[in-house]
Amino acid sequence: MAIELTLQDHLERLQDTDPATRASSVHAIGQLREPSAISALIWLMGDDSLWVRCTAAEALGEYHSQDVVEPLVQFLRMGANAELDEIGPPPEVPIRYHRFNRHPDPDFERWRTEQGLKTSEGFSLVVSARIGLQKTGIAATEALIRLLRDQNPYVQYVAVYLLNRMAIRKRPSDALLIAVMDDNPTMRLNAARALGKTGNFRAVRPLISLLHDESLDIRIAAAEALGEIQDKRAAAALTEALDDPEVHHAAWLALHNMQVSPDEDTD
């Protein structure tokens with residue numbers, strides 16, 4: 001019968017020279033969720049082994065605590081900055097932000113192959129930071145909203161990805177609703193994308209206001225988001241948006257998703 005190791009046993013094994021041993025204990029410490037071990041896991045995010053660093057980031061997410069959010073955000077930024085240095089900004093046709101998930105993304109993999117790129121260290125750091133923040137859950141929401149305006153587009157993509165999948169589905173954060181009115185166009189764009197995934201009717205009025213934004217990208221994102229929420233109160237505004245030739249297609253698809261004809265009376 002195997003002897004179950006205690007937290008102290010695992011902390012001692014963190015000094016082992018074998019990265020596999022350290023990574024195994026890091027994972028186990030995460031499962032134990034003992035708050036006193038948080039500082040050790042944060043320290044291990046600077047380990048010599050990429051394996052150990054990534055495992056530590058993912059283990060921190062198990063704590064669902066505000067204390068782990070900022071270290072994970074810094075880990076995300078580190079990886080995203082390395083990714084930006086290696087492959088540059090996204091191409092004109094944006095790479096979908098869910099490429100930082102571990103599920104296969106054929107479009108992204110094809111692009112990386114065409115560019116002759118292999119999975120980088122920065123990419124691995126971003127994936128593990130994403131996993132850690134997703135595990136952390138609602139405690140990370142406000143930090144993720146701030147990241148919507150980050151200068152690094154890869155950080156923005158991960159923030160949108162996570163906001164789309166966290167507990168704000170039931171009630172979008174007030175901060176996210178306010179973000180669609182932000183002076184920063186990047187913030188407005190990413191907030192619109194995130195709100196579209198919430199499915200919450202509270203997002204309808206703020207998104208309708210974005211149909212008149214000076215940025216074409218934001219107008220399109222707002223139309224797409226309204227189509228995802230499928231609240232027929234937006235039908236009149238979307239019908240009006242059909243007159244904008246550059247937004248016409250997105251508005252038409254949104255109305256189609258609502259099963260509303262542009263000529264239909266929705267009052």
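**Exercise 1. Classify the aromatic pair of this predicted model, and state whether its two residues are buried or exposed.**

The structure contains one aromatic pair, where rings of Phe, Tyr and Trp (its six-membered ring) pair if their centres lie within 6.5 Å, and planes under 30 degrees apart count as stacked, over 60 as edge-to-face and the rest as tilted. The ring centres of Tyr-154 and Tyr-157 are 6.3 Å apart and the planes stand at 75°, so the pair is edge-to-face. Tyr-154 has a relative accessible area of 0% and is buried, and Tyr-157, at 9%, is buried as well (buried means under 20% relative accessible area, exposed over 50%, partly exposed in between, with a 1.4 Å probe and protein chains only).

As for the source, residues are numbered from 1 along each chain as its sequence is written. In this predicted model, local features need pLDDT of at least 70 and side-chain atom pairs count only at pLDDT 80 or more, while totals for chains, interfaces and linings use all residues, and side-chain values use heavy atoms, with hydrogens and water left out.

**Exercise 2. Work out which residues the salt bridges of Glu-62 join into one network.**

A salt bridge is a side-chain nitrogen of Lys or Arg within 4 Å of a carboxyl oxygen of Asp or Glu, and by this rule there are nine. One of them joins Arg-33 and Glu-62 at 3.1 Å, N to O. Another joins Glu-62 and Lys-135, with 3.1 Å from N to O. Through shared partners, Arg-33, Glu-62 and Lys-135 therefore form one network. Within it, Glu-62 is buried at 10% relative accessibility, whereas Arg-33 is partly exposed at 43% and Lys-135 is partly exposed at 30%.
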